[in-house]
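Biologist: Could you walk me through this model, starting from one residue and then zooming out?
Modeller: Happy to, let's have a look together.

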Amino acid sequence: MGSGTDMMALRRSALSSLADQPPDQPPDQPPLERRAPFAGWEIVLGEDLPAPVHPEAVGAELASALVDLLSRSGDPAGPGAALVSGVPRHFTLEQARTYHQALFRAVWEVFRRRTARGGEESDFRIKVGTISDGAIPIELYGTSWSFKRFHTDCDALLFSHLYGPVTGFTGGELQLIDMRPYLRQRSLRFDEVFEWSDELTDGRKPVLRADHCESALAECGTTVGALGPDRIVFVNNLPTAGVLHGVTPVAMTDPEGFHREYHRCSVKDLRLC
């Protein structure tokens, strides 16, 4: 395979197959004892694990702990996402971006070794950049804003965001949904739940249909809140992960001072691009 269309086919097949997976917990287990979506997914620097001492120094214990949360093949499976908080206690925003990049590379190395994708380091490409809403190329994406409905990215296998600065608006709260139990309990396939995004790029994103958003979020999702430079979010975006992300509607309160910027790290498989 070698195009965005190939990755679209892979994601369609993988999301459809989630309906056939065995439950993470026994079906007769009382609902109140079942783990809430994304429970225990936050790690506080300096409390849960030792505080970082340098922007480019990432402890192996932290990288391993984050991959435990990101992995979906454990027993029990991890939530597929992870949140690192307490960042400003140790770094300025620029230092935090340096730390974010170093942390992502450390996490990816452990993640790559643990997942079925395997491969050599040269099979993958890590991309790092700062994205500003209102400045996204409209000729590629049809919009200059990154505010999206619930979706999974097309090419990224793993991604991480560090937001900031963020000013001049309300809303934009991050939301996550674990589609594994939702699809499994209803025996739903891709075409019954998803549609494709309308970007002008070669590879498009699976997007959750509007008639499933409310129920999927209520049963299998969480609203994280508006993220700033205090927290780093990681999301497992492998085709079989089944984790969707989106944001609540945004309302500008200061059009002249509006600023929503985020530092993004992601990795793609060169064998599928």
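Modeller: R72 counts as buried, because its relative accessibility is 10% and buried means under 20% relative accessible area, with exposed over 50% and partly exposed in between (1.4 Å probe, protein chains only). This is a predicted model, where local features need pLDDT of at least 70, side-chain atom pairs count only at pLDDT 80 or more, and totals for chains, interfaces and linings use all residues. Residues are numbered from 1 along each chain as its sequence is written, and side-chain values use heavy atoms, leaving out hydrogens and water.

Biologist: Where does R72 lie?
Modeller: Helices (H or I, at least four residues) and strands (E, at least two) are DSSP runs, numbered from the N terminus. By that numbering, R72 lies in the loop between α2 (60-70) and β2 (81-85).

Biologist: With which side chain does the side chain of R72 make a polar contact?
Modeller: A polar contact is a pair of N or O atoms within 3.5 Å; within protein, one must be able to donate a hydrogen and the other to accept it, and residues adjacent in sequence count only if both atoms are side-chain atoms. At 2.9 Å, the partner of R72 is the side chain of D178.

Biologist: Nice! Of the 273 residues of the chain, what percentage count as buried?
Modeller: The secondary structure of the chain comes to seven helices and 13 strands. Its C-alpha trace spans about 45 × 40 × 40 Å along the principal axes. The buried share of the 273 residues is 49%.
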